[in-house]
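Biologist: Hi! Could you walk me through this one? I'd like to start with the packing and then move on to the strands and charges.

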Amino acid sequence: MPDGRIHSHARVAAAVTATLTTIGLGLATASPASASPATDNIDTVQARVDHLSQQAQAAGKRHDTARDALIGTRTQLGRVTARIQRHRQILDSLRTQVATTVVNEYGDGYAAGAGTSAPGSPATTLSEDSKVLLTNLTLVSEDAGARGDAMASSNAQLQKLGQRREALRGKVTVLAGRERSLRTQEQRVDSRAAAAGATLARLEEKAAAERLQQLGGPVLAFAKSQVGKAYVYGAAGPSAFDCSGLTMAAWSQSGVSLPHNAAAQYSSGTPISESELQPGDLVFYYTPISHVGLYIGNGQIVNALNPGAGVLISGLHDMPYVGAVRPG
């Protein structure tokens with residue numbers, strides 16, 4: 001259903017009679033038959049973006065694999081180190097127990113032997129004999145029984161774990177270097193992909209502006225030529241218009257179909273910010289949306305305002321601005 005609610009309180013631009021040819025839109029209709037250089041560049045850069053995106057994904061996977069391998073190896077190294085510490089604790093405990101056993105088993109014998117030593121012979125103390133036993137794992141094992149066997153076994157395990165730890169340390173060094181190298185590669189590819197993406201965005205923005213100029217030429221020419229005509233609710237030309245009827249008729253000049261309703265037109269295009277406005281964009285007013293105009297540049301719009309004003313040029317912010325969309 002057509003809209004065009006009357007807003008008698010809307011401020012009308014003071015310079016209604018401004019010469020339209022001095023707006024300086026710089027719009028020109030280009031032939032759509034041949035692709036522009038910008039389009040060719042977009043295709044080339046898009047292919048580069050796609051290629052770099054694939055490279056970035058592959059580099060990311062390689063880096064993730066290397067990082068996971070490094071983390072796993074470091075975890076193994078930590079576990080082996082913990083086992084080494086436990087075996088060292090076991091050995092310390094067994095040595096203490098063996099020392100106690102040796103003292104208990106041989107203390108009396110050594111003491112008695114000391115009493116029958118030949119005169120002038122050097123006395124051998126119990127502590128010296130214990131030290132001799134503890135420095136020779138074979139003798140301690142023979143004399144201390146099961147605890148000595150346990151010490152021998154634990155010591156063998158400790159040696160194996162030490163070798164395993166050294167191997168893991170070497171592996172960690174290699175994997176850490178590989179992870180750093182792959183991380184650097186990933187960062188470089190990501191950087192190139194980001195740069196290509198930014199270039200593509202600029203080219204697409206430029207192409208969109210060029211396309212809007214191509215479409216907007218007939219649109220703006222038609223809309224500006226309607227200035228001075230009457231406002232009639234529900235009208236879409238040729239002698240009178242309401243707000244959405246004017247924008248609908250203007251964009252039909254470039255083959256773009258718009259609904260005859262301001263709120264519906266707001267939902268029919270690509271939303272843009274005020275800083276992105278280009279001549280030909282639709283701008284909307286009031287909450288809920290009930291008025292639409294056509295941006296013509298230099299902070300001005302052409303719109304069918306109300307029955308008292310008709311079709312005229314207004315300032316972009318002469319009414320409560322809501323937002324803008326780009327048709328097509």
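Modeller: Happy to. Keep in mind that this is a predicted model. Let's begin with Phe 241: beyond its neighbours within four places in sequence, Phe 241 is in contact with Phe 222, Gln 226, Lys 229, Ala 230, Tyr 231, Val 232, Ala 235, Ala 236, Leu 246, Ala 249, Ala 304 and Val 311.

Biologist: And which residues have the most contacts inside the largest nonpolar core?

Modeller: Phe 241, Trp 251, Leu 282, Leu 294 and Val 302, in a core of 27 residues. At least two residues each come from α4 (146–225), α5 (243–252), β4, β5, β6 and β7 (311–315).

Biologist: Which element gives the most to this core?

Modeller: That's α4, with 6 residues. There is also another core apart from this one, with 14 residues, including Leu 91 and Leu 175.

Biologist: Let's switch to the strands. How many residues of β5 are buried?

Modeller: 7 of 7, for the strand spanning residues 291–297. On one side, β5 runs antiparallel to β4 (residues 282–285), joined by 4 bridges. Tyr 285 has His 291 as its bridge partner there.

Biologist: What about β6, how does β5 pair with that strand?

Modeller: Also in the antiparallel sense, over 3 bridges, with β6 covering residues 300–304. Gly 297 sits opposite Gln 300 in that pairing.

Biologist: Which residues in the two hairpins have a positive phi?

Modeller: Between β4 and β5 there are 5 residues, and Tyr 286 in that turn has a phi of about 75°. The β5 and β6 hairpin has 2 residues between the strands, and Asn 298 takes a positive phi near 55°.

Biologist: Now charges. How many salt bridges does the count come to?

Modeller: The count is 6. One of them pairs Arg 183 with Glu 179, at 2.7 Å from N to O.

Biologist: Where do those two sit, and is each buried or partly exposed?

Modeller: They are 4 residues apart in helix α4, so about one helical turn separates them. Glu 179 is buried, with a relative accessible area of 10%, while Arg 183 counts as partly exposed at 31%.

Biologist: What about Asp 92, which residue does it bridge to?

Modeller: Arg 95, with the closest N and O atoms 3.5 Å apart. Both lie in helix α1 (residues 37–115), 3 residues apart.

Biologist: And which residues are linked in a network of salt bridges?

Modeller: Asp 64, Arg 67 and Asp 68.

Definitions and conventions:
Residues numbered from 1 in each chain as written. Predicted model: local features only at pLDDT ≥ 70, side-chain atom pairs only at ≥ 80, totals over all residues. Heavy atoms only, no water. Buried < 20%, exposed > 50% of the residue type's maximum accessible area, 1.4 Å probe, protein only. Pairing = 2+ DSSP bridges. Core = buried A, V, L, I, M, F, W, Y, C linked by side-chain atoms within 4.5 Å. Contact = heavy atoms within 4.5 Å. Salt bridge = Lys/Arg side-chain N within 4 Å of Asp/Glu carboxyl O.
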